[in-house]
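I opened my notebook to look up charged pairs, helix faces and a bit of strand pairing. Here is the structure I had on screen.

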Amino acid sequence: MAKHTDVATVLAEQKTGEQIEVKGWVRAFRANRFISLNDGSGANNLQVVVDYENFDDAIIKNISFHACVGIKGTLVESQGKGQAVELLAEAIEILGANELDKYPLQPKRQTMEFLREQAHFRMRTNTFSSVFRLRHALAFAVHSFFNENGFYYMHTPIITGSDAEGAGEMFQVTTLDVDKPARTEDNNVDYSQDFFGKATNLTVSGQLQAEIGAMAMGKVYTFGPTFRAENSNTSRHLAEFWMIEPEVAFADLNDNMDLAEAFVKYLINYVLDKYMDDLQILDARIQEEEKNMKAELRRPMGLIETLRFVVEDDFARITYTEAINLLRSSKPYKKGKFEYDVEWGVDLQAEHERWLVEKKFKKPVIVTDYPKDIKAFYMRMNDDNKTVAAMDILFPGIGEVVGGSQREERLDVLKARMTEMDVHHEELDWYLDLRRFGGNKHAGFGLGFERIVLFITGMTNIRDVIAFPRTPGNAEF
């Protein structure tokens, strides 16, 4: 027999009358006659018809939920409803060891919490196989978008000596003995004895290095892992996650907003065009989950309807000051429904972002021109000397998915901002060189990959859109 055929190919080509071989996992075995087989190649199962009399009892007995099998047979038009073709089994082989009486997953609805504890099996469920096929599709679409638009892909360092965000919440990288590190005469840790001869950390962003690329190649982007040692156990935070960071020379804030909006719409359109089967599975899951919820707790639209709504409408664009004014005049603010206060100069909280998106504008919102004191040193100062040319894109359900800015290209202003924010000039002298020699206005943004996967799949916890989540107290697998 020739090489086995993927289930997705069998269902797409529907070459009836041919003898084929398929391999996969049993999703269901009904009445000792009908196997629902899936090999991960697509969202849909292949129905296999088993004539009980043609097989030994030992084979039939081992065809249980999530047994791994190889099946040879003839593809025919289906006699029943729900599928166009089915496979008439002529030979069945049980693959691998079979201790499925101890298998922790059962053919019933499982909680997300339980499946997180079984992360080595959760990709086998309909929900998670769809989530991770969509994650793959979105990663591919990221590269497609930038390639089609003349960007060059940069690999920026994972180990770095700089902190792009100035947050200080970084994972240290060292070869020093952590129990007895080398010390200087004044008893500080002597990092000159470390592997790199200085203190280093896992990166929180590739942005600063991407600016190097933009000042040479015009348009570049990074797409790689980033790390935050933030002790947060919320449904929106991970310690290890993936960031997409384009950087564009000769671009201002408006160019940046246009690029970011076009980018996220491209990603959504890509999966709407090519992965509808998986979206339908996730949409149905949400509808089933919300069936017994109070009306006010349900999503205003289904998953697929929401995605289409996002790509068909222009994003609203408002300034931070306008956002604050809208929030302070809102009913939730006046009735004291917000947990966090709304005050100019303070960063917007998730509840404020979601009100703007879900209640006020009912579509994604781009907020611009934030107070300088709550943004990073590299963002371009506006003429009012109070705000910077920053922008965040807010999505329904999850709040911020994109954060970016026009970068400060004026050497004197940048140096003053670094001094003001206690960013050491000598450590970033190379960054200042980009302004000294052939500098120009430029802009870029960061998109948290898991955030956009979260939105597009309709999942509610960011731990459910990355295969092996890294969170406080959890580094399994």
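I started with Lys265, which forms a salt bridge with Glu261, with 3.0 Å between the closest N and O atoms. Lys265 and Glu261 sit about one helical turn apart, because they are four residues apart in helix α6. Both Lys265 and Glu261 are buried. Buried means under 20% relative accessible area, exposed means over 50%, and partly exposed is in between (1.4 Å probe, protein chains only). Salt bridges with shared partners join Asp258, Glu261, Lys265, Asp314 and Arg317 into one network.

A note on what I'm looking at: this is a predicted model, where local features need pLDDT of at least 70 and side-chain atom pairs count only at pLDDT 80 or more, while totals for chains, interfaces and linings use all residues. Residues are numbered from 1 along each chain as its sequence is written, and side-chain values use heavy atoms, with hydrogens and water left out.

How many salt bridges does the structure hold? I found 23. The reminder behind them is that side chains of opposite charge can pair when their charged atoms come close.

Next I looked up Glu211, whose side chain meets that of Arg435 in a salt bridge (2.9 Å, N to O). This pair links distant parts of the chain: Glu211 is in helix α5 (residues 207-217) and Arg435 is in helix α13 (residues 429-436), 224 residues apart. Helices (H or I, at least four residues) and strands (E, at least two) are DSSP runs, numbered from the N terminus. Are these two partners buried or exposed? Glu211 is buried, with 0% relative accessible area, and Arg435 is buried too, at 8%.

Then I checked Asp252, which forms a salt bridge with Lys441, the closest N and O atoms being 4.0 Å apart. Asp252 lies in the loop between β11 (240-249) and α6 (253-274), and Lys441 in the loop between α13 and β16 (442-448), so the pair ties together parts 189 residues apart in sequence. Asp252 counts as partly exposed at 22%, and Lys441 is partly exposed at 35%.

Back to α13. Its buried residues are Tyr431, Leu432, Leu434 and Arg435. They cover an arc of only 140° around the axis, which puts them on the same side of α13. The arc is that of the directions from the helix axis to the C-beta atoms. These buried residues pack against α5, α12 (411-420) and β16, where contact means heavy atoms within 4.5 Å. Just after α13, I noted that Gly438 takes a positive phi of about 75°.

Last entry: an open sheet of three strands, in the order β7-β9-β8, with antiparallel pairing. Its edge strands are β7 (159-160) and β8 (172-173), each pairing on one side only. Two strands pair if DSSP finds at least two bridges between them, and β7 and β9 (residues 200-202) pair over two bridges. I also jotted down that Thr160 stands opposite Asn201 in β9.
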